[in-house]
Each structure stands twice: as C-alpha cells, then as structure tokens.
Amino acid sequence: MSVLSAKRKRAIALLSLTSIILITLDLQGSASTSVLRGTFGTFFRPIEGVARVVTRPLSNAWYGITNYNDVTKENNLLREKIAQQEGAAVAAAASVRLSQELLALNGLPTLAGINSVSAQVIGDSPSNFSQTVEINQGSKSGIKVGMPVMNAAGLVGKITKTFARRSIVMLITDPEYALSVKVINGPEAPTTPINDPRAVVSTTTSTTTTIPTTQATSNIPGFTPGATTIPLTTVNVTVSDPALAPTLTVPVNGALPVRETGILEGRGPTRVPIVRFIDSAQRFGTILPGAPIVTSGGSLSLAPPDIVVGTVTKVRDRLGTAGPILEINLVADLTNLSFVRILLYQPITERVAP
Amino acid sequence: MSLRFLRFITSRWTRLVLVSSVLLGLQTTLLNDMRPFGVMAQVMVLFAASAGVVYGSEIGALAGLIIGLMYDSVLTTPLGLASLVLGATAYIAGAVPYFVRDATWWSKIIAVAMASAIGELLFPIAQAMVGYGGRGEWRVFIVALVVGGVNLVFAPLMLLITKWTLKETLVG
C-alpha cells in the first residue's frame, strides 16, 4: 500500500511539474503549447460536434424558458427600429461612400481600402473569467494575431490566437484589452450675448449673410472641388430702433466636431468599458453623454481609424489634471455575436519579427 | 503485449480520459449556452471534486491534474493552469475524511459543492499569480456561490459516474 502511495505521490509531483513547465512555456509564447492545443483540438472537435448536436434541443429549451418574453419584446422593438433606420441607412451609405471617395482622393487611409474576411462565431470561452470567442476562420484565410474584429455595428475585439482554421478573439470587455480611441464632441450651441442698455423689447430683426460661391482650384489631378459652404449663424437681435439693426453675421468657430483621444479599457463582462486619459482642455468643451467614440488609428494603434466603438453614457469628472473618465455603451452587442468581419490589418505593435 | 494493451485500455486512467472528453464536450456546448444567473456551471470542477471525495486526496489529485490538463486545452489561459487548479481542488475535496468520520451520502454531496466553490475561487487567484490579473472583484464570489449551488444539485449523479470511472477494475 505504501509503495502504491509513493508511486502516486511521484505521479502527482510529475504532473504538477509538467503543469508548471507548460505554464512557463505558454507564458513565453512557445509554439509547442500551440501544437499541443492544436493536436488535442483535432481529437476533441468530433466529440464536441456530437455533443453540440445531442444537446441542442436542451439548449433551445433553456433559451425558450429563460428568454421567451425578452425575445418577443426585443423582436417588436427591432421591427420598429428597422423601419425607422431603413431610410436613414440609405442616406448614411451615400454619405459614407462620398466620404471614402474624398479620403481616397486625398490619399488618406479608409476602411474600404482594407481587405476583410467574414467569419462565424462558433463558441464562447468555456470559462467565467475570460472574455473571448472562437471563430471559424484562421491563418489559412490570412488572419494574424492583432487584427481588429468588427461586426455590422462596430468594433468587437482583436485576434489573440490563430490556428489553421479557427481563431480566438479577445472582446473589448476583457480587462486585458486596451485601445486608443477618439471622442468626437459635438459643437456647443453658439451664444452671442448682447448687453445693450438701450435694448428694449419692441421689434425683432433677423439678418442673414451668405458668402458667395467661389470656384476653387485644386492641385490634385482630376479633382474639381465644389462649392464651399461655411457654416454661419443667424443672430437674432432685439433692438429698440430698427435703424440700429446690425448688419453683422458671426461665423461659428466650433461648428465642426472637436476630437480628443483617450484609451479605452475593458473591465470584464459585468462592468462597462471606460475611456481614460482624456485631456480636460477647454477647447474640447464639456463631454456630453451620447458623444460617439471611434478608433483613433495611428501607427501604433491596434485598429485603423474611424471604426465605431460606442457612445459615452456617463462622464465621471476627476480633480486636477487627471481628466474625466468616460463610461462607454458599446454599439456591438457582445452577448449575441453570430457573424464578424476581420480586417486584414495587422498593427505594427503586434507584428512578430521574422 | 496484447494483455498489457488490454490492461491499459481497461485501466481507470483511460476511462477517466474518455469520460472527461465527453464531459468537456458538454462543458463547451450545453453548459456554455446555459448560464444560470449569468454564470457558467463547471462540470470539470465538479468531476475533479467528486474524484477527490470518492477516492481520496491522492487519486483525486491525480485525476484532477489530468482533467485540468484536458480542460486547459480549450481555455485561453496558460496551458497547465487549470490542471494545477483542478488538482488542488480534488486534493482539498479528498480531505473530507479528516473532518467527517464515516461520511454519509449527503455530507459527500455538500463536500463536493464546497470543494467546487473553492476550486472556482482558485481560478482567478491562479490567473493573477501568472500575471493575468485585474479580476479582483466581488463577482468571483457570486460565481463561486452559483457554481457551488449548481454542483450541489448535480453532485449525486456525478458521484456515481466518478465511482464507476475510477473503479480499479470493472469486474467485481
């Protein structure tokens, strides 16, 4: 009995040591652990496939019991939303195409210029502490570690591991995820205070001035710019004497949206992501809930510019120069991912030296 | 040679690998979809804890290490981490006889549930130890509580499965 026990103790020690060695190898990024995982996956996939088929009725019954009311409610809401958005989508598509043509004409990078691969989400992480999903496209489709993943709504995450025909996607909500983003703050409403002591409510005169269209020229071959429209404000001034009505129109300085960069950080499945390191500059103004968040791009960024990430839901001001912390509502529904698009754009920071 | 091969394929460890594969299939499909209170039930943790309770610390730890190694292969955490965690879980579960003399069926069930909850708590601790930190939040206790509760319900069935799987010989 004691011989058997000693043998078992040796086996326990051996297995524990193996585990520790495997952890060390995996943390060092050794390829051998990927080979081990890949080999196990080859044997395990058929078992998983059978289990999926056998247990599907049970899963469906579970969804039916737990989510029926929510699904009905959501369905009605979505029908209404689709009806509202169909018209807006046509106009938006035209604007996006126009914007991309303009960017391409000026030699600026656009998302349309980046190839992409569509993939299906085939599984979540079977753990309570990882925010990852598995997709059915891998290195054979040109997918590499670090590539951004998005769905129809916006950014979803990034590729963290690739196999021949599948990949692992780390979601934005994972605490390990951080990304450089831009907050696009809308222009503040212009106010033109007039402190005229003689001003008494009597007559209202409205004055509007427009700049005549001028034919501009361009250095870009084949590009003829159209009419330039400068945003103007109409100032309604109340004066006592109509003869004193001003003939001045004030162009709005802040009519274009102001942008500021920050870092988006995931905080797990139960807490919303945040954006920090936003500069509390006066120029940027007050950030209001609803301001859109898009990727900032840049040579060191994990994603190309202008991918929609979400909107600001809450602004938490901090003392000093720390700048506010923004809580984000992601546009992509990460709890219900079916199909995703992988942009074949590998950031410099994720490239493996040959 | 053929006798040795026969002995190998009828051994408890071969049965353990086969049963673990089926349970892992359930873990990555059915239990991945069914999440009571937003928490995934952990059948692999339940299996390891049951092994400890039924066959004691030594066999339990060995079984836990093997179950964990298989579980590791489908997780995104470093390979070997779940192995150590489940090994430790089974070892803790195997300590029941030190606290309960002549354990009854219901005390074994409670022991499995408690060991499962402890095992689930060990996951974020182990992750933090290898630098996968930032998970120090109250949610881990809720997760452990739900996992313990779900495993309390399924423990009677799993104890029977474990008893059969790790039986020294299938005859007698």
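Start in chain A and select strands S1, S2, S5, S4, S3 and S14: in that order, these 6 strands close into a barrel with antiparallel pairing. Helices and strands here are DSSP runs (H or I of at least four residues for helices, E of at least two for strands), numbered from the N terminus. Two strands pair if DSSP finds at least two bridges between them. Neighbouring strands of this sheet are turned against each other by 45° on average, direction ignored; the axes behind such angles are lines fitted to C-alpha atoms, for helices over the stretch in contact, and angles run from 0 to 180 degrees between N-to-C directions.

A word on what you're viewing: this is a predicted model, where local features need pLDDT of at least 70 and side-chain atom pairs count only at pLDDT 80 or more, while totals for chains, interfaces and linings use all residues. Residues are numbered from 1 along each chain as its sequence is written, and chains are lettered from A and ligands numbered from 1 in the order in which they are written.

S3 (148–150) and S14 (339–343) of chain A run antiparallel and are joined by 2 bridges. Click A:Met150 and look across to S14(A): its bridge partner there is A:Arg341.

Next, select S13 of chain A, residues 325–330. Its covered face holds A:Leu326, A:Ile328 and A:Leu330, and its uncovered face holds A:Ile325, A:Glu327 and A:Asn329. S12 (308–316) of chain A runs antiparallel to S13(A), with 6 bridges between them; A:Gly310 is the residue opposite A:Leu330. S10 (274–276) of chain A also pairs with S13(A) in the antiparallel sense, over 2 bridges, and there A:Val275 stands opposite A:Leu326.

Zoom out to the whole of chain A: you'll count 2 helices and 14 strands.

Time to show both chains. Where they touch, chain A puts in 42 residues and chain B 40; a contact means C-beta atoms, placed from the backbone, within 7 Å. On chain A's side, H1 (2–27), H2 (31–105) and S1 (116–124) each supply at least two residues, and H2(A) has the largest share, at 15 residues.

Which residues touch the most other members of the largest nonpolar core? Select B:Met44, B:Ala48, B:Ala63, B:Leu86 and B:Val112, out of 66 in that core. Such a core is a set of buried Ala, Val, Leu, Ile, Met, Phe, Trp, Tyr and Cys residues joined through C-beta atoms within 7 Å. H4(B) gives the most to this core, with 21 residues. Stay on B:Val112: among the residues that B:Val112 touches, leaving out those up to four places away in sequence, are B:Leu46, B:Val53, B:Ala93 and B:Leu159.

Last stop: B:Phe141, in helix H8 of chain B. Is B:Phe141 buried or exposed? B:Phe141 counts as exposed, because it has 12 C-beta neighbours inside 10 Å. From there, find B:Ile118, 23 residues apart from B:Phe141 in sequence and 9.7 Å apart in space, C-alpha to C-alpha.

Methods: Contact = placed C-beta atoms within 7 Å. Buried ≥ 20, exposed ≤ 12 C-beta atoms within 10 Å, placed from the backbone.
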